[in-house]
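Subject: Structure handover

Hello,

Here is the structure for you to look at. Please open it first, then read my notes below.

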Amino acid sequence: MTDVAERSEANVGRVLHRKEDAKLVTGQSTWTDDIQLPGMLHIGVLRSPMAHARLARVDVAPALEQPGVVAAYSGADLADEWVMGLPCAWPVTEDMVAPDHWPVATDEVRFAGDTVAVVVARDRFSAADALEHVDVDYEPLEPVVDMEEALRDEVLVHSEHGTNKCFVWPLETGDVDAAFSGADVVVKRRYIQQRLIPNAIEPRAVVVDPTTASGEYTLYSATQVPHFVRIQMALVLGIPEHRLRVVAPDVGGGFGSKLNVYAEEAIALAVARRLGRPVKWTETRSENYQATIHGRDQIQDIEIAASSDGVLRGLRIDLKADMGAYLQLLTPGIPLLGAFMYCGIYKMDAYSFTCTGVFTDKTPTDAYRGAGRPEATFAIERIMDDLAAELGVDPMELRRRNWIQHSEFPYDTVAGLTYDTGNYEAATDRAMELFGYDELRAEQARRRESGDRVQLGIGISTYTEMCGLAPSRVLGSLRYGAGGWEAATVRLLPTGKVEVVTGISPHGQGHETGFSQIAADALGVDFDDVDILHGDTRVAPTGLDTYGSRSLAVGGVAVHKAAERLIDKMRRFAAHELEAAEDDIEFDRGTFRVRGDPDSSTTIQDLSLSVFTAHDLPEGVDPSTAAEYVFDPENFSFPHGTHLCAVEVDTDTGAVHVRNYTCVDDCGTIVNPQLVEGQIHGGITQGMAQALWEEAIYDELGNLTTGTIVDYYVPGAPDVPHFTTDTTQTPATTNPLGVKGVGEAGTIASTPAVVNAVLDAVRHLGVDDIRMPCSPERVWRAVHDAGQQTGQDLSDDTAGGRL
């Protein structure tokens, strides 16, 4: 065991290298597709090539004649396997339209990629080949892919419901009409949040191992939410929950796309139950683009009201959110997560938000990194720049006039949340210093004056977000179908080593490292003496999994509180062994001591062995060296920060070059700076990708024209600039660790920073909006069209001359 003197330095706050990485870089990880079981069969899924059609006939008999094929099923063949359809756990209003969503379609297909039939074969290649022999008669129906067209209800996605409107959800505070009628300036804009496709490095995969004699099933899935999958699959298939074990082995990323319960999980369970043999399904990247959820896809109509000196009065949001063809697990609730964040870090008198959910014949949407909050941050940060331009003031100065001051916390926002802490001034001052804000503004002025072909733009995003998806009572008031708590168990083993069982299920974040640091500090043991167990509902039966930047702010705090509870339990054993009153026992850095007698002591690790032997225990006390804690936060956590971006825009070609990206984030107490920096880097890259490169495009027939990684541009390392990062630390007051989330911060902040920079580079040329992604063509067209409207001479433009 480690000597106490060696444990004097705290683990929390230090860079300790990730425990997870050794097996990842040496090829010793176990992904779901790596799992091989005796007699295992492979599933292939036939997907509709049409966005909307009636299934007149699905004949699987020809597929059954193909080599290696063991079984094949249509939707009708499997219909009696389902007790209910795939779940939506967030019915946001009482009258929300929630169409049946069966794992395999039986009557109509409603998006290109909808499941039509299933083939089971001895290997995946035979299954894939046999899919081509399933005979399907599609009777084409007219699709609808545009939200505003869908709201006219001329073409229906689900004719049985008579409408494409899923729900209308309003929120209003203050006197909105008075705020706008009394304002000196009103700016109105429409922003488009394009549809995005998550690109986790590991596609989805499912393996099911049935133990038919006992009626038990083990489901392995590349999922973020094994506990959710267990509950929902038990309901969908009528399997007793205690007979179903769900394991998330090593999971290669998720970004929200694996925060779901999918048709293929239900199909694999149903097929394994029918055949009594293990089965596997592994998604191809093309299937991933069609059948795994998409993100964003919103139309944001926003109005902001202000006085002539730039003081904000009110904000109106009219949001249309594309649900896609069906409701996945959290689909309708995702845009509403942003409802509380459109006001951002700013003070104002009144606020109105209305969200309309709309069905279209496209892949369902659901959570994608940030889940509603990037969209809200984009809208408020974009319109703050537009308002600054209208008023003729520096956009940073406008923000300073309106943000919540450090001295005003805790602060009740106009959207109804209470921000516990924040220091926007400190983060911004540090970011501007690192960025060289004044110097870049001076360079920008020189370039404009000289008519430089390459213009410089500066973008700002001063953001906050709510994360830690909790507390349970608030989620209940929003009609969310689960709680916000998290569970942890801390066990001292006889040899003094520590096992921590968490209901959090990681997929690349570094939880084993961060949670080990928390437990090691709490118990006063060595970092390497702690092991973290997770991702298996038999090992960790209680938990609510990983999403919404909740892992540290909820799960990490649960680990800390369980460790504290274990110390309290061990204190009684220490008092008995040291022959002292329990109230006289002090605990510090792993050692129990008798107050006033420093020589009378024992370490918690040594004590664990004597408790295990149970030779001399206090009367009536069990030899237990484990403690559990379920933590339900009293509030969300609210990280914040300032992101600044400088871009160079070639006005002849529209090409955008990110020259400088600087950010200072405040996520409260930092457990491991390396983990924080990794999350920030990845988040910025995903947000930048929305700003500049990524977009899922459908044609008028509902075909996904960006259905491969060749057509859908995912940035690589050469596309991404160097990031200058730093942090401030304003501890949260709503949990004992002072921590806040960080996993989504970079994505939330970076998109408006980059787009604001692109627009700032060309705003003086008459451009006030460019739809994302800001591709060279869109930037060039915006500059060209603005030049025509303002009468600029563009005669040299087609020859590559200077505008």
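In which strand is the place of Thr602? Thr602 sits in strand S24. Before going on, some ground rules. The model is predicted, so local features need pLDDT of at least 70 and side-chain atom pairs count only at pLDDT 80 or more, while totals for chains, interfaces and linings use all residues. Residues are numbered from 1 along each chain as its sequence is written, and side-chain values use heavy atoms, with hydrogens and water left out.

A few terms come up throughout. Helices (H or I, at least four residues) and strands (E, at least two) are DSSP runs, numbered from the N terminus. Two strands pair if DSSP finds at least two bridges between them. Contact, or touching, means heavy atoms within 4.5 Å. Buried means under 20% relative accessible area, exposed over 50%, and partly exposed in between (1.4 Å probe, protein chains only).

Is Thr602 buried or exposed? Thr602 counts as buried, because its relative accessibility is 8%. Leaving aside residues up to four places away in sequence, Thr602 touches Ala574, Glu577, Leu578, Gly590, Thr591, Phe592 and Leu607. Phe592 is also the bridge partner of Thr602 in S24.

S24 belongs to an open sheet of three strands, in the order S22-S23-S24, with antiparallel pairing. Strand S22 (585-588) and strand S24 (597-603) are the edge strands: each pairs on one side only. Direction ignored, neighbouring strands of this sheet are turned by 30° against each other on average. Axes here are lines fitted to C-alpha atoms, for helices over the stretch in contact, and angles run from 0 to 180 degrees between N-to-C directions.

Now follow the chain. S22 and S23 are joined by four bridges and run antiparallel. Glu586 has Arg593 in S23 as its bridge partner. The two strands form a hairpin with two residues between them, and Arg589 in the turn has a positive phi of about 50°. Strand S23 (residues 591-594) is joined to S24 by four bridges, again antiparallel. Arg593 has Ser601 in S24 as its bridge partner. S23 and S24 form a hairpin with two residues between them, and Gly596 in that turn has a positive phi of about 85°.

Helix H18 (residues 604-613) lies across S22, S23 and S24. H18 runs at about 60° to S24.

A buried arginine

Where is Arg550 found? Look in the loop between strand S21 (530-533) and helix H17 (551-578). Arg550 counts as buried because its relative accessible area is 0%. Its contacts, not counting residues up to four places away in sequence, are Gly468, Leu469, Gly484, Trp485, Glu486, Ile504, Leu544, Asp545 and Gly555. Take Ile504: Arg550 and Ile504 are 46 residues apart in sequence and 8.8 Å apart in space, C-alpha to C-alpha.

Strand S9

Why is strand S9 (residues 205-211) largely enclosed by the rest of the structure? Five of its seven residues are buried, so S9 is largely enclosed. S9 pairs with strand S12 (residues 279-282) in the antiparallel sense over four bridges. There, Val208 stands opposite Val279. S9 also pairs with strand S10 (residues 216-221), antiparallel, over six bridges. Thr211 stands opposite Glu216 in S10.

Cavities

On a 1 Å grid over the protein atoms alone, a cavity is a set of points where a 1.4 Å probe fits but cannot get out, and lining residues have an atom within 4 Å of a point. Grid points are joined across faces, edges and corners, and a volume is the space filled by probe spheres set on the points.

How many cavities of 30 Å³ or more does the structure hold? There are seven. The largest cavity has about 130 Å³ of space. Its lining has 17 residues, of which His101, Phe111, Ala263, Ala291 and Gln328 lie nearest its centre.

The second largest cavity has about 70 Å³ of space. Its lining has 15 residues, and Arg296, Gln298, Ile334, Pro335 and Thr365 lie nearest its centre. Strand S13 (295-306), strand S14 (312-324) and helix H10 (334-337) each supply at least two residues of that lining.

Best wishes

Notes
On a 1 Å grid over the protein atoms alone, a cavity is a set of points where a 1.4 Å probe fits but cannot get out, and a pocket is an open set with protein on both sides within 12 Å along at least five of seven lines; lining residues have an atom within 4 Å of a point.
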